[in-house]
Amino acid sequence: MTTATGASMPGRAVHRTPAWVAVGAWGAGLVGAAVGAGAIVGVQADTVSRSLGAAAVTHGLLALAWGAVCLARGRTVAPRAAVVGVFAGIASVVTLLATTPTGTSVVAVGVFIGLSAATGAGVGWSLRHPSRRGGGVTGLIAAAAVVALLVTPALGSAQDAATTEPDGSFVPVVGHEGH
């Protein structure tokens with residue numbers, strides 16, 4: 001438990017966030033924002049997909065901020081709200097996939113759900129098993145490597161889905177070679 005100044009009370013465990021939970025939130029936030037942005041500006045964008053896309057972008061930005069605050073404070077911030085946010089984010093992205101299946105990447109949605117579920121499970125674990133010690137740098141580096149391996153292809157597939165015409169052809173992306 002912490003005091004109003006944020007100091008730990010002696011003998012009490014606080015809800016420490018393992019470093020991988022915050023990094024997982026960042027990965028989910030990046031993918032969610034990419035899927036949402038693709039729905040907003042995609043070739044097949046309509047009012048419904050733009051609205052759902054705005055919700056996904058907002059969720060992604062909130063996930064990025066939440067992860068940063070948790071790492072900065074070294075503990076789980078608003079854990080119950082974070083778990084609710086996980087479910088809300090999954091619902092918005094799955095609804096987007098259901099309403100605009102050809103303009104939304106299944107790979108990106110799968111990575112988003114996986115990272116979101118892992119983040120929610122980590123938050124739940126930290127609520128059930130409070131600890132006085134935080135995660136180490138090794139855990140942070142390992143989590144960042146795993147998230148990078150998952151997020152990088154998911155971002156590419158989100159862009160591909162956003163630039164796909166209904167007939168399966170791609171809208172060319174303007175390159176900036178030589179600049």
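This is a predicted model: local features need pLDDT of at least 70, side-chain atom pairs count only at pLDDT 80 or more; totals for chains, interfaces and linings use all residues.
Helix α4, which covers residues 106-128, packs against helix α5, residues 137-162, at an angle of about 145°, and the axes of the two helices are 8 Å apart. The crossing that α4 and α5 make is left-handed. On the α4 side, the contact is formed by Val107, Ala108, Val111 and Leu115, which meet Val147, Leu150, Val151, Ala154, Ser157 and Ala158 of α5. Of the residues in this contact, 9 are nonpolar and 1 is polar, while none is charged.

The loop between α3 (79-99) and α4 holds Thr104, and Ser105 is also placed in the loop between α3 and α4. Thr104 counts as buried because its relative accessible area is 6%, and Ser105 likewise counts as buried because its relative accessible area is 7%.

| Side chain | Partner | Distance |
|---|---|---|
| Ser105 | side chain of Ser157 | 2.7 Å |

When residues up to four places away in sequence are not counted, Thr104 touches Val35, Leu96, Leu97, Val109 and Ala161. With neighbours within four places in sequence left aside, Ser105 is in contact with Ser157, Ala158 and Ala161. Ser157, whose side chain makes a polar contact with that of Ser105, is also one of the α5 residues that meet α4.

Terms used: Residues are numbered from 1 along each chain as its sequence is written. Side-chain values use heavy atoms; hydrogens and water are left out. Axes are lines fitted to C-alpha atoms, for helices over the stretch in contact, and angles run from 0 to 180 degrees between N-to-C directions. Helices (H or I, at least four residues) and strands (E, at least two) are DSSP runs, numbered from the N terminus. A crossing is left-handed if the near helix is turned anticlockwise from the far one by less than a right angle, and right-handed if clockwise. Contact means heavy atoms within 4.5 Å. Ala, Val, Leu, Ile, Met, Phe, Trp, Tyr, Cys and Pro count as nonpolar, Asp, Glu, Lys and Arg as charged, and the others, Gly among them, as polar. Buried means under 20% relative accessible area, exposed over 50%, partly exposed in between (1.4 Å probe, protein chains only). A polar contact is a pair of N or O atoms within 3.5 Å; within protein, one must be able to donate a hydrogen and the other to accept it, and residues adjacent in sequence count only if both atoms are side-chain atoms.
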